[in-house]
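This report describes a predicted model of two protein chains, beginning with the terms on which the account of their interface rests.

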Amino acid sequence: MEFRIPVGTWIDGFFDWLEDSFSWLFEALRQLFIWMFDAVDWVFATPPALVVIALVAVAALLARGWKFAVGATFGLLFIMGVNQWDNAIDSLALVLVAAFLAVVISLPLGIWAARNDTVSKILKPVMDFLQTLPAFVYLVPALGLFRIGVAPGIIATLIFAMAPGVRLTELGIRGVDKEVVEAGQAFGAHPRRILRQIQIPLAMPSIMAGINQIIMLSLSMVVIAGLVGAGGLGGDVAQAISALNVSLGFEAGLSVVVLAILLDRFTASFGKGLGLYSRWRRSYVAKKEADQQARFDAEEEVARGGRRPVASH
Amino acid sequence: MNDDTIALRAEGLYKVFGRHADEAVIQLHRGTPRDELGAGTTAAVIDASFEVRRGEIFVVMGLSGSGKSTLIRMLNGLHDATAGTVEVAGERITDIPAKRLREIRQKRISMVFQHFALLPHRTVLDNVAYGLEIQGVALDERIARARKVTEIVGLKGWEEKHPSELSGGMQQRVGLARALAADTDVLLMDEAFSALDPLIRREMQDQLLELQAELGKTIIFITHDLNEAMYIGDRIAVMRDGRIVQIGSPEDILTNPANDYVEQFVQDVDRTKVLTAESVMRKPRAVVHIGAGPRAALTIMRDEQLAGAYVVNKDRTIVGWVRDRDVFDLVRRGEKDLAPVIRSDHGAVATDTALADLFIPSLEAALPLGVLDSRDRLVGVIPRVTLLAALGGEPEAAATATPRPDPLPAEVVDQVLESAVGSRAAHAKEAI
Ligand SMILES: Nc1ncnc2c1ncn2[C@@H]1O[C@H](COP(=O)(O)OP(=O)(O)O)[C@@H](O)[C@H]1O
Ligand SMILES: [Mg+2]
């Protein structure tokens, strides 16, 4: 007798069962995904491309500074110039929705794993599994459950991209100086309060790195999802492959690169204190603190009966 | 049980990390040595019992790894005790609901950390106010109170800075202020000054002592530095391999080490700063009551072979001292009153004077240095040899050494005493 483990059959059976028992759930999710995608797509696709480019440039200026603003403008003009604007917007909407969902799911999971060793031990191999399983493999059952369109693309993307969010959130929270957490406990703070006031703020750089990776992985997966009719830049890449169309392939491919660089630089700048916004914010906080200090010092003078002249700092 | 003078009580505390913790406690209780518990089981604290009195600085001292941090973390429940109980202000804090434990931490017991553990994203003032914030004190009030404490620790003008802008010593002042602002009776300090460089550390120790004198907090202070322990501790618990091997005053530990381990530990401590006059003084040998008269005084000095003696009132309060030669003259002249020759510059010191501060007075005093209690009673003397012997770590050596500041030759004294008995004036002249 031939040796054969019928994994395929089992998994088939499992997905059939899922489909039969939870079709209402998948249908609801499908509608939700489509609605979210349409909403985001509408936001970016409705205004003329040049307006969007200008807004992105301003955002780039605020986030990182003028060099990035110039780079972003040229990149987006390039996409417009190779006639990939609509595709890029579709892909962007797909990335944003999938990444948003991945963040919403992975951050709480990461926090949970950081606070509970058992959860951590279970999640670790699951996350390894999700991230190493070849991306295409998700697409097939996703298609079965969500039918063709953006919904299977979003679900496959979000599952594929989730892992670094969980991992880096857990890592960040576990990496917070143990003594500082103990300080919270020693003064009688509730664990939720310690999480909110100490652990999450101090783990922020790591959590941000996780979000950055989620977005980058989402983008790479979104291109693959184009193969199953999710549209966008991936759709054109797929078309270029099947038609051996080198020029179309490169135009769509380079647009993906531009999008990737923009998304990466934007998300990497969070919390790094680059750009105009951070500068404004910093000077605002510094001024507030200086004012407060001046007020304290002045009150001190009053308390002493104003014998000394008011100190000027 | 609810003795008001006890701020914190630990009874039979055990902490075992790793597998089979409860079994390990039973084994330890039966006398199994700590290193035979098997791999993966660490007994960090073994059968620790002690009481900390209100307003006391209780120091826990031991080498790194001896279980100090584990012990102190059981005192506020950061570690659950494997066995035993902890009471804070008469209330048990082991095995109580998390909510109640949080309340006790808010109101009764706060902590200062070795590496400061400040919230880096908050200003100094917000850090100091942290405990009050957790207690639910309203914003205005907690700012006002935090400002007051910030001033007390000497950080006025730094309220709106962030911890990273402060030096190590200043950061630890913030840590101390945060604990003080919470206004708990008990303060736990785990190697709070160990990360600071020596000069700053001494400054912080002095400040802590001042604050403690002013605010009367109960402080449990952990250190691996014996000199620090001796300097700030009212009582010291010495830990070794998870066990408390001795609890006592700094002098106790220095002069009566419970075992070889403690003795070795205390070998290189600076004794002159720890030992006090009281701990090295001897019974005064030659003391003259003011009413005794010159003849009695001279007799005593002859018997003890001394060149002088302290003069005290009936209740032992000091009057001054006399030289044998002066008294000799009085006796020869047949005077009845000692008063004219009593010198008031006795230079005696208080019982709690550190050895380091005895050297100069000891040089200046003509007699063995007198030691007075708080009511000016002469309770002891310190001959110079005793002082030297105490420095060498062997106070007993003084007993075999003989102090002799050239008293009058005994025969001469005998003659004058005898002649004074008979026809005083005539014989006294002969004798000369
Ligand atoms: N969380 C822990 N898990 C396992 N072992 C620990 C833990 N904390 C401390 N220990 C062990 O307990 C012993 C005492 O440690 P600690 O209380 O930190 O000593 P100290 O503060 O005196 O240096 C050490 O052998 C240490 O390795
Ligand atoms: Mg320690």
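A polar contact is a pair of N or O atoms within 3.5 Å; within protein, one atom must be able to donate a hydrogen and the other to accept it, and residues adjacent in sequence count only if both atoms are side-chain atoms. By this rule, twelve residue pairs are in polar contact between chain B and chain A, both residues being at pLDDT 80 or more. The model is predicted: local features need pLDDT of at least 70 and side-chain atom pairs count only at pLDDT 80 or more, whereas totals for chains, interfaces and linings use all residues, and side-chain values use heavy atoms, with hydrogens and water left out. Residues are numbered from 1 along each chain as its sequence is written, and chains are lettered from A and ligands numbered from 1 in the order in which they are written.

**Interface**

Helices (H or I, at least four residues) and strands (E, at least two) are DSSP runs, numbered from the N terminus. On chain B, α3 (98–107), β6 (109–112), α5 (130–135), α6 (139–152) and α7 (168–181) each supply at least two residues of the side that touches chain A. The most comes from α5(B), with four residues. That side of chain B is made up of 16 nonpolar, ten polar and ten charged residues, where Ala, Val, Leu, Ile, Met, Phe, Trp, Tyr, Cys and Pro count as nonpolar, Asp, Glu, Lys and Arg as charged, and the others, Gly among them, as polar. Contact (heavy atoms within 4.5 Å) involves 36 residues of chain B and 23 residues of chain A. The buried area, which is the accessible area (1.4 Å probe) that two parts lose on being put together, summed over both, is about 2,500 Å², and carbon and sulfur atoms give 55% of it.

The interface also holds three salt bridges, each a side-chain nitrogen of Lys or Arg within 4 Å of a carboxyl oxygen of Asp or Glu. E182(A) and R73(B) meet in a salt bridge through their side chains, at 2.8 Å from N to O.

**Helix α8 of chain A**

E182(A) is also one of the buried residues of α8(A). Buried means under 20% relative accessible area, exposed over 50%, and partly exposed in between (1.4 Å probe, protein chains only). Seven of the nine residues of α8(A) (residues 178–186) are buried, so this helix is largely enclosed by the rest of the structure. Its cover includes α9 (191–225) of chain A together with α2 (68–75), α3, β6, α5 and α7 of chain B. At the start of α8(A), a side-chain oxygen of D177(A) comes within 3.0 Å of the backbone nitrogen of E179(A). Just after α8(A), G188(A) has a positive phi of about 85 degrees.

**Nonpolar core**

A nonpolar core is a set of buried Ala, Val, Leu, Ile, Met, Phe, Trp, Tyr and Cys residues joined through side-chain atoms within 4.5 Å. The largest has 185 residues, and L75(B), M189(B) and I220(B) touch the most other members. Helix α4 (residues 85–115) of chain A gives the most to this core, with 17 residues. A second, separate core of 20 residues includes M301(B) and V416(B).

Not counting residues up to four places away in sequence, N256(B) touches Q246(B) and E251(B). The side chain of T317(B) makes a polar contact with that of D315(B), at 2.8 Å.
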